[in-house]
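Hello,

Here is the structure for you to look over. My notes on the ligand site follow below.

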Amino acid sequence: MSSPTSSAPLRALKIGIIGFGPFAQFLTQTMIKQGHSIRATSRSDYSEHCARLGIPFIRDMDEFLQSDNEVVLLCTSILSLSDVVESMPFQCLKQPTLFADVLSVKEYPRDVLLQALPPESDLICTHPMFGPESGRDGWHGLTLMYEKVRIRNEAVCSGFLHIFASEGCKMLEMTCEEHDKLAAKSQFLTHTIGRVLAEMQIEPTPIDTKGFEKLFEVKESVANDSFDLFNGLYVHNRFARQQLKNFEVAFDGVKHKLLDRMNE
Ligand SMILES: NC(=O)c1ccc[n+]([C@@H]2O[C@H](COP(=O)([O-])OP(=O)(O)OC[C@H]3O[C@@H](n4cnc5c(N)ncnc54)[C@H](OP(=O)(O)O)[C@@H]3O)[C@@H](O)[C@H]2O)c1
């Protein structure tokens, strides 16, 4: 099995992006810089934005799938994935295609896509563990998690992974299940605590400790993401439910310890 090292030559790919929201736009900048040929489609009209980037925006999904993509990259919200996939006319594909996704949960898109894709299509599930904020100054040292779910065309798959490897990403191959277990304990917990802090409307004070500054950063980083994203992290990661329960139990435990001491 060849590894997607950063020293391999870059293969220019024809990549079609479905869902041209903030994260897709962020990825597109780097893919254009690397010389890939990008076209996009989305529920909303991004034709002006795409024109500024010098790439085609193809409104019609039939036409988009007929447009000779080697890779179709799904960047829709977690909650809309199944509707989007259901509405895709796969019979329009002209060639076996590599489907890839970047959703922040992994078992769910793997299952939806395995059910819907034509058997000759390849599938890689990925999660770039960074976003427009953390990756603003480059992707070096940031992690790309991926699972090669069904790959026959190794050349296209390594070409796709090379987009990240060549930017210096830490390439981490793991199963979608393992990803979701870990992400519930890390990313989902971070978003939950950030949302709680936002509900409390915490603000900086003149006597902030370093710890509080970090808490405030957590609140701010989460506030930039859509509520759909947070909702999706919960609804479509089966391990998130347990994590929310653990959080409640731990919070109650801490509260009771305090109250018990006070009553002693
Ligand atoms: N933001 C990050 O830092 C980050 C990092 C890693 C992975 N991701 C993943 O990347 C994906 C995109 O994230 P995002 O930050 O751009 O924001 P998002 O709110 O999760 O997704 C926005 C995208 O979903 C599409 N969409 C939403 N509802 C839809 C519907 N009912 N039907 C069809 N399309 C719909 C939007 O299309 P229109 O714009 O056309 O309305 C837009 O392209 C998500 O799956 C997220 O988990 C995000």
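**Ligand site**

Phe23 places a backbone N or O atom 3.0 Å from an oxygen atom of the ligand, a polar contact (a pair of N or O atoms within 3.5 Å). In the side chain of Ser42, an N or O atom is 2.5 Å from a ligand oxygen. Thr76 has a backbone N or O atom 2.7 Å from an oxygen atom of the ligand. Alone, the ligand exposes 880 Å², and the protein buries 85% of that (Shrake-Rupley, 1.4 Å probe).

This is a predicted model: local features need pLDDT of at least 70, side-chain atom pairs need 80 or more, and totals for chains, interfaces and linings use all residues. Residues are numbered from 1 along each chain as its sequence is written, and side-chain values use heavy atoms, without hydrogens or water.

The shell holds 26 residues (a heavy atom within 4 Å of the ligand). Ser42, Ser44, Tyr46, Thr76 and Ser104 are the closest. By class, 13 are nonpolar, eleven polar and two charged (Gly counts as polar, Tyr as nonpolar). Domain 1 (14–174) and domain 2 (186–263) each give at least three residues to this shell; the bounds come from an automatic or database domain assignment.

Regards

Technical notes:
Polar contact = N/O pair within 3.5 Å; in protein donor to acceptor, adjacent residues only side chain to side chain.
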